[in-house]
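Please look at the sequence and the structure below with care before reading on.

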Amino acid sequence: MALDYNAINLSQGFPDFNCPDQLLKLVEEYQAKGFNQYAAMPGVPKLREQLSKKIKKLYGRDYNSETEITITAGATQAIFTAITASIEKEDEVILLEPAYDSYAPSVLINGGVPVFVPLIKGSYKIDWDRVKDNISDKTKMIILNSPHNPTGSVITETDIKILEELTRNTGILIISDEVYEHIIFDGEKHFSLSVSEELAGRSFIIFSFGKTYHTTGWKLGYCAAPENLTKEFRKIHQFVVFSVNTPVQYAYADFLDNEEHYLSLNNFYEKKRDLVTSLLKDLFYNFNPAKGTYFQLLDYSKISEMNDMDFAERLTKEFGIAVIPLSPFYSNPYNEKVIRICFAKRDEVLYEGMNRLKKASQILSEKNTIAK
Ligand SMILES: Cc1ncc(COP(=O)(O)O)c(C=O)c1O
């Protein structure tokens with residue numbers, strides 16, 4: 001629709017700026033040097049070694065690069081593979097909603113049963129009492145995501161402690177989707193589940209290069225998990241993709257020495273979040289500034305009584321600004337009036353996008369008042 005209506009596209013989550021030149025050069029160099037054939041099934045060894053060092057440095061956990069790290073075709077494949085490796089018919093998987101849209105279908109394809117637990121409205125923190133109430137002897141897995149798409153919330157050390165207590169001696173597996181590990185704001189620290197020895201021992205921790213290097217279209221990610229889980233993971237990985245893009249893996253292996261790139265990302269995106277929230281501050285949208293990711297939720301209940309699908313459609317068609325309604329991130333009928341915008345865009349695009357949201361808020365809220 002964004003294309004059809006020539007709208008500014010703040011809907012899907014990808015940057016409209018390019019990745020670092022040095023990374024492009026490295027890919028070209030490796031292609032020219034002939035690194036164009038199948039990589040090793042679990043990934044290029046040098047890349048896995050670099051990632052093992054990085055995780056150790058950032059989160060203090062040792063993952064053996066030979067036996068505990070696997071390079072995947074993006075985080076989506078890693079999530080699918082971890083679920084397929086773990087879930088059998090009728091196993092229950094706790095999903096926190098709203099949730100990234102690949103989790104539930106991946107559980108269902110494997111005959112598992114998604115058990116949906118809503119995040120707390122407004123703050124979108126985890127409601128641990130409800131999680132506890134939904135743990136049964138059929139619970140095989142819990143899927144967490146922090147920083148969280150679509151809400152921008154983040155987990156804290158306390159969440160990790162509670163999860164340890166709730167799942168102690170249960171054997172419940174965890175998928176921790178940490179693709180936005182380097183996009184977290186206000187001086188907060190990313191709490192990877194790998195910091196917890198107890199949880200890391202039964203977790204698949206999943207990352208994506210796409211979010212960190214502005215290369216979502218290259219579809220490269222990785223999974224860190226203890227050896228027993230990685231063994232099962234690779235049995236599936238081998239026959240889902242076998243191996244992933246060779247020259248890009250070599251390029252990332254070199255580029256990972258450039259720590260400055262990922263260490264500066266928080267600041268880079270925090271400025272964009274601040275720009276967007278300051279431009280929307282005095283309008284009729286309600287929001288809590290995102291604590292992480294490159295998404296901002298906006299509650300438009302003061303502006304319109306339309307449902308979120310219709311509201312998003314109208315913004316695209318009449319005001320030339322494409323956004324995402326929140327309802328597709330839920331499994332059940334849902335009637336909050338919330339949309340998501342992506343601020344991984346050039347500043348001039350964000351200025352124009354916020355102008356259009358402003359115009360929509362003025363015109364639609366006037367109509368709404370008259371209708372009342
Ligand atoms: C929470 C979350 N997990 C996973 C992914 C998928 O990452 P990838 O593009 O590496 O498959 C996304 C992409 O938007 C995401 O937002």
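Tyr 124 lies in the loop between β4 (113-118) and α5 (128-134), where helices (H or I, at least four residues) and strands (E, at least two) are DSSP runs, numbered from the N terminus. The model is a predicted one, in which local features need pLDDT of at least 70 and side-chain atom pairs count only at pLDDT 80 or more, while totals for chains, interfaces and linings use all residues. Residues are numbered from 1 along each chain as its sequence is written. The phi angle of Tyr 124 is near 55 degrees, a positive value in a residue other than glycine. Tyr 124 is buried, because 22 other C-beta atoms lie within 10 Å; a residue is buried if 20 or more other C-beta atoms lie within 10 Å of its own, exposed if 12 or fewer, and partly exposed in between, with C-beta atoms placed from the backbone.

Asn 6 is not a glycine either, and has a positive phi of about 50 degrees. The place of Asn 6 is in the segment before β1 (8-9). Is Asn 6 buried or exposed? With 9 other C-beta atoms within 10 Å, Asn 6 is exposed.

## Two cis peptide bonds

The peptide bond that leads from Glu 97 to Pro 98 is cis, and its omega is near 5 degrees. Pro 98 is found in the loop between β3 and α4 (103-109). A cis peptide bond also runs from Ser 146 to Pro 147, with omega near -15 degrees, and Pro 147 belongs to the loop between β5 and α6.

## Strand β5 and its partners

Strand β5, which covers residues 139-145, is mostly covered, since seven of its seven residues are buried. With strand β3 (residues 92-97), β5 pairs in the parallel sense over four bridges, where two strands count as paired if DSSP finds at least two bridges between them. Within this part of the structure, Leu 95 has Ile 143 in β5 as its bridge partner.

Strand β5 also pairs with strand β6 (residues 173-177), in the parallel sense and over five bridges, and here Ile 142 stands opposite Ile 174 in β6. Between β5 and β6 the chain crosses through helix α6 (residues 157-167), and this β-α-β crossover is right-handed, a term which says that, with the strands pointing away from the viewer, the path from the first strand over the helix to the second runs clockwise.

## The shell around the ligand

Which residues are the closest to the ligand? The ligand is surrounded by 14 residues, of which the closest are Gly 74, Ala 75, Thr 76, Asn 149 and Ser 208; a residue is counted as near if its C-beta atom, placed from the backbone, lies within 6 Å of the molecule. Helix α3 (residues 74-86) gives the largest share of this shell, three residues.

By type, the residues of the shell divide into three nonpolar, nine polar and two charged. Here Ala, Val, Leu, Ile, Met, Phe, Trp, Tyr, Cys and Pro count as nonpolar, Asp, Glu, Lys and Arg as charged, and the others, Gly among them, as polar.

Thr 246 has its place in helix α10 (residues 246-255), and Thr 246 counts as partly exposed because it has 19 C-beta neighbours inside 10 Å. Thr 246 and Val 44 are 202 residues apart in sequence, and their C-alpha atoms are 7.4 Å apart in space. Leaving aside neighbours within four places in sequence, the residues in contact with Thr 246 include Phe 35, Tyr 38 and Val 44, a contact being a pair of residues whose C-beta atoms, placed from the backbone, lie within 7 Å.

Ile 321 lies in strand β10 (residues 321-322) and counts as buried, because it has 26 C-beta neighbours inside 10 Å. Ile 321 and Arg 48 are 273 residues apart in sequence and 41 Å apart in space, C-alpha to C-alpha. Beyond its neighbours within four places in sequence, Ile 321 is in contact with residues including Ala 7, Ile 8, Leu 315 and Leu 357.

## The chain as a whole

The chain holds 14 helices and twelve strands, and buried residues make up 47% of its 372 residues. Of the contacts with a separation of 6 or more, 74% are between residues 24 or more positions apart.

How values were computed:
Contact = placed C-beta atoms within 7 Å.
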